[in-house]
Amino acid sequence: KNIIRQKPDLVINDILNTSKSDVYPLKQNNIKVINFEDLGKGIKYADLVINELYENPILKYNNIVWGHKYALLREEFFNIKPKNFPKKVKSVLITFGGTDNKSITRKTLEHIYDYCNVANIFINIVTGPGYRKYSELQNMILKKNMKNISLTHSTNVISKYMLKSDIAICSNGRTVHELAHLNIPSIVISQHTRELTHNFSNPKNGVISIGKYDKTKTKKLLFKSFTNLVQKKDFRLKLYRKLQKIKFNNRKRVVKLISNLCNEYQ
């Protein structure tokens, strides 16, 4: 009701699952509506839905565009030169988004630390502002006297930590696109079922996905995938070359879609 009182020409929703009540009243008042990353019931009523994290259509509506060709990178990535291929893996990035409710960051560190220590691989860890177990992670690193680790909490510029890393282990969200943009091969662990539908993460795009985190299966899958990336240079180069082919210069494409919708008023 507050939005309708302001009489906007256009409303853009950044809501994971819109409801009919989020969108339909706006349309009844002749307001254009665009939704980003939305699989909710409200998409039926929106003028445009941009679902960049889903490569293949999940729902059959003509008002939805799908896939990484519509992915928007943050401004910090605009003028960054992608990494050259490193002949040897000297560093790895571990990052699992803003909250990491299952503390996959800590579990990942535990799974690969001994190997990294022996192989002299530096570990860059970046946690988000909503990560509640940060102090526990800090204490574990101190208690176990873990070395060659950089621990960063709630950074606004994650790209600099990506560029310091030769490979990455991350969750299955927009971070995958950002790493792909920088030509950094990644191992992806989905945090929940919804992330499993973000199917950009596959070998044809230079990304290794080992599925949703599982307390019994993930350790073995992660260790195998990680050691393969480190030890098999040809395999890593193959992934790197696939990443080089992917471009994220999508801003003009998305802005044009929005502009076309707005031009209908004129």
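Helices (H or I, at least four residues) and strands (E, at least two) are DSSP runs, numbered from the N terminus. This is a predicted model, where local features need pLDDT of at least 70, side-chain atom pairs count only at pLDDT 80 or more, and totals for chains, interfaces and linings use all residues. Residues are numbered from 1 along each chain as its sequence is written, and side-chain values use heavy atoms, with hydrogens and water left out.

Q: Which element supplies the largest share of the lining of the largest pocket?
A: A pocket is an open set of points on a 1 Å grid over the protein atoms alone, with protein on both sides within 12 Å along at least five of seven lines; lining residues have an atom within 4 Å of a point. β6 (122–127), α6 (174–181) and α7 (193–196) each give at least two residues to this lining. The largest share, four residues, comes from α6.

Q: What is the volume of the largest pocket?
A: Its lining has 33 residues, and Gly97, Gly98, Ser171, Arg174 and Thr175 are the closest to the centre. A volume is the space filled by probe spheres set on the points, with grid points joined across faces, edges and corners. For the largest pocket this comes to about 780 Å³.

Q: How many residues in the lining of the second largest pocket are charged?
A: Asp, Glu, Lys and Arg count as charged; Ala, Val, Leu, Ile, Met, Phe, Trp, Tyr, Cys and Pro as nonpolar; and the others, Gly among them, as polar. The lining includes Phe77, Phe78, His181 and Arg251. It divides into six nonpolar and three polar residues, and the charged ones number one.

Q: What is the volume of the largest cavity?
A: A cavity is a set of points where a 1.4 Å probe fits but cannot get out. Leu53, Asn172, Gly173, Val176, His177, His198, Phe200 and Ser201 line this one, and by class they are three nonpolar, five polar and no charged. The volume is about 30 Å³.

Q: Which residue in β3 stands opposite Phe36?
A: Strands β2 (residues 32–36) and β3 (residues 48–51) run parallel and are joined by three bridges. Opposite Phe36 stands Ile50.

Terms used: Two strands pair if DSSP finds at least two bridges between them.
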